[in-house]
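Student: Can you take me through this model? I would like to ask as we go.

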Amino acid sequence: MATQSLEDYLEAIYNSLNRRGHAKTNEIASDLGVKAPSVTEMFDKLRKEGFINYKKYEGVTLTERGREVAKDVSEVHENIKKFLELLQVSPKQADKDACKVEHSLSEESIDQLNKFIDFVERCPEEEARWLKHFDYFSAHGELPPAHRDKRDEGEE
Ligand SMILES: [Zn+2]
């Protein structure tokens, strides 16, 4: 079983439990865009490997071990998504791309990304102004008027 799909399933179960209060086969199938029998099969594997508890018709819950993996993946997902949104990627696209990238980053990149998002969120407003300027730059292709210096004007 590829680590990627294992993590995708645990993440989907985690999100479903948080959002719906339960995670049933059909719900996870529709969340992941796969067929119900594939979910049933994966649930069976995850249960055997000690990641989930599975009761037919009632859906699944995460074991301690499953919850730990899911929480890690979910944290990385959120931070990649936030990072892409800082780049002015739309929330929907950022969410999709986060799921593609979350499994491929090295531990070093993940650590630094987590630190960066933490920094941006704790940074005082004035200090993070350059990020707002990027919003303008992204939309207009140039710096906000108050920040264009004479040299830039001259080059135009
Ligand atoms: Zn994800």
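Predicted model: local features only at pLDDT ≥ 70, side-chain atom pairs only at ≥ 80, totals over all residues.

Student: Which domains does the chain have?

Tutor: The assignment gives domain 1 (3–68) and domain 2 (72–140). Such bounds come from an automatic or database domain assignment. The centres of the two domains, taken over C-alpha atoms, are separated by 27 Å.

Student: How many residues of domain 1 are in contact with domain 2?

Tutor: 7 residues of domain 1 are in contact with 5 residues of domain 2. Two residues are in contact if their C-beta atoms, placed from the backbone, lie within 7 Å. On the domain 1 side, α1 supplies the largest share, 6 residues. Helices (H or I, at least four residues) and strands (E, at least two) are DSSP runs, numbered from the N terminus.

Student: OK, the core. How many residues are in the largest nonpolar core?

Tutor: That core has 20 residues, and L10, I13 and I52 have the most contacts inside it. A nonpolar core is a set of buried Ala, Val, Leu, Ile, Met, Phe, Trp, Tyr and Cys residues joined through C-beta atoms within 7 Å. A residue is buried if 20 or more other C-beta atoms lie within 10 Å of its own, exposed if 12 or fewer, and partly exposed in between, with C-beta atoms placed from the backbone.

Student: Which elements give two or more residues to it?

Tutor: They are α1 (3–20), α3 (36–48), β2 (59–62) and α4 (64–86). The largest share, 5 residues, is from α1. Each of domain 1 and domain 2 provides at least three residues of this core.

Student: What is L10 in contact with, apart from its neighbours within four places in sequence?

Tutor: Beyond those neighbours, L10 is in contact with F51, G66, V69, A70 and V73.

Student: Next, α4 and α6. At what angle do their axes cross?

Tutor: The axes of α4 and helix α6 (residues 107–122) cross at roughly 60° and come within 10 Å. Axes are lines fitted to C-alpha atoms, for helices over the stretch in contact, and angles run from 0 to 180 degrees between N-to-C directions. So α4 is oblique to α6. Angles under 35 degrees count as roughly parallel, over 145 as roughly antiparallel, 65 to 115 as roughly perpendicular and the rest as oblique.

Student: Which residues make the contact?

Tutor: From α4 they are V76, N79, I80, K82, F83 and L86, and from α6 they are I110, L113, N114, I117 and V120.

Student: And how do α4 and α5 cross?

Tutor: Their axes come within 8 Å and cross at roughly 135°. That makes α4 oblique to α5 as well.

Student: Now Q88. Where is it?

Tutor: Q88 is in the loop between α4 and α5 (91–101). The phi of Q88 is near 70°, a positive value in a residue other than glycine. Most residues other than glycine have a negative phi.

Student: Is Q88 buried or exposed?

Tutor: Q88 is exposed, because 12 other C-beta atoms lie within 10 Å.

Student: Last one: what does H133 touch?

Tutor: Not counting residues up to four places away in sequence, H133 touches L143, P144 and H147. H133 lies in helix α7 (residues 129–140).

Key
Residues numbered from 1 in each chain as written.
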